[in-house]
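Here are a few friendly notes to read alongside the structure. Take them one point at a time, and find each place in the 3D view as you go.

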Amino acid sequence: MHFSSIEQEAIILSAVVGMVDDMVNHAIFCALGEKRHDTNLLPQTSESLRLFGTLLRDFLSPVTARGKGPLPFGLPKPPASGRAVDHTSLFYLGRVCDAPLIGGDAAHLSRIVRAFSDWLEDYAEVERVWLSNISVELDLRIKRIDFIRMSGDIGKHNFLRLGGQANRLRAILAENGVTIDESQAYLALPDCWDWFHTHLLAFHASNIAEFLNNIRYAIRLYVTPVAKARYRVTGRVDDDDLYTFERPDEITNDFAWAQYFDLLQSSLRRPNFPPFSVSNSFKTQF
């Protein structure tokens, strides 16, 4: 199937809104109450934090093809030599910001996507990390996107499916001056879960949720004027409108049209979590 550029944009934006809706909501995080600024967001339970980590890992995973086929929806492959964040949903959001088609101004969304991408690519400095199963202690320097990906994979997979992360751990430790073999890497994975999930992800969950929530509201800001302009009433039931949206000529694929419709429709209802900002004390460590 061939997808036009605006169809690809609708698919990407709709997918991102859906993923953020799944991650930042009151089933995973406690209500904020009246304090919406300089605050901290707490997971409902340890299980909800684990679910958040799993869903976040999917958000920060590459779009993949079946075998050697093309990527879904005709999406371009990211540059092989690019940053790790280029192999995530954020790469395609960045492409939308560079050449917006549905709305007119994506500058606000672009700033947030760029800030989150830079934050993920930056390093956490963690003192005295103790990997008890292999008797290694070190001051660890690790990219944030790496500990998020590793904790997400360890949280949802048995060690039989963690070969890639075992190899990644060996590479990260080598960058920190520690050499281990493959068997030691597998032995260290439970300790990595404790450090990367229970400590680092738990500490940064509220900050990450703020980034994601800001992306959701920025997409809403970008789409809402279009939804209002293309809103068409088709009838009435009791006191409610029956409505549709004027369909752009460039959107001919039915799946893309469904995503475009859902995207515009989502801008007409209140998001499932309010805007908030996290205290700077949760942004200056690790």
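1. By class, five nonpolar, three polar and four charged residues make up the lining of the second largest pocket. Keep in mind as you look that this is a predicted model.

2. You can pick out that lining by name: Arg83, Val85, Asp86, Leu90, Phe91, Gly94, Cys97, Asp98, Ser110, Val113, Arg114 and Ser117. The space in this second largest pocket comes to about 210 Å³.

3. Which helices each supply at least two residues of the lining of the second largest pocket? They are α3 (89–98) and α4 (107–121). The largest share, five residues, comes from α3.

4. Now turn to the largest pocket, which holds about 260 Å³ of space. It is lined by 16 residues, and those closest to its centre are Val17, Asp21, Arg216, Ser266 and Arg269.

5. Three helices, α1 (5–23), α7 (182–230) and α8 (254–266), each give at least two residues to the lining of the largest pocket. By class, that lining has five nonpolar, five polar and six charged residues.

6. Finally, look for Ser81 in the loop between α2 (46–59) and α3. Is Ser81 buried or exposed? Ser81 counts as exposed because its relative accessibility is 73%, and exposed means over 50%.

Terms used. Residues are numbered from 1 along each chain as its sequence is written. This is a predicted model: local features need pLDDT of at least 70, side-chain atom pairs count only at pLDDT 80 or more; totals for chains, interfaces and linings use all residues. Side-chain values use heavy atoms; hydrogens and water are left out. On a 1 Å grid over the protein atoms alone, a cavity is a set of points where a 1.4 Å probe fits but cannot get out, and a pocket is an open set with protein on both sides within 12 Å along at least five of seven lines; lining residues have an atom within 4 Å of a point. Grid points are joined across faces, edges and corners, and a volume is the space filled by probe spheres set on the points. Helices (H or I, at least four residues) and strands (E, at least two) are DSSP runs, numbered from the N terminus. Ala, Val, Leu, Ile, Met, Phe, Trp, Tyr, Cys and Pro count as nonpolar, Asp, Glu, Lys and Arg as charged, and the others, Gly among them, as polar. Buried means under 20% relative accessible area, exposed over 50%, partly exposed in between (1.4 Å probe, protein chains only).
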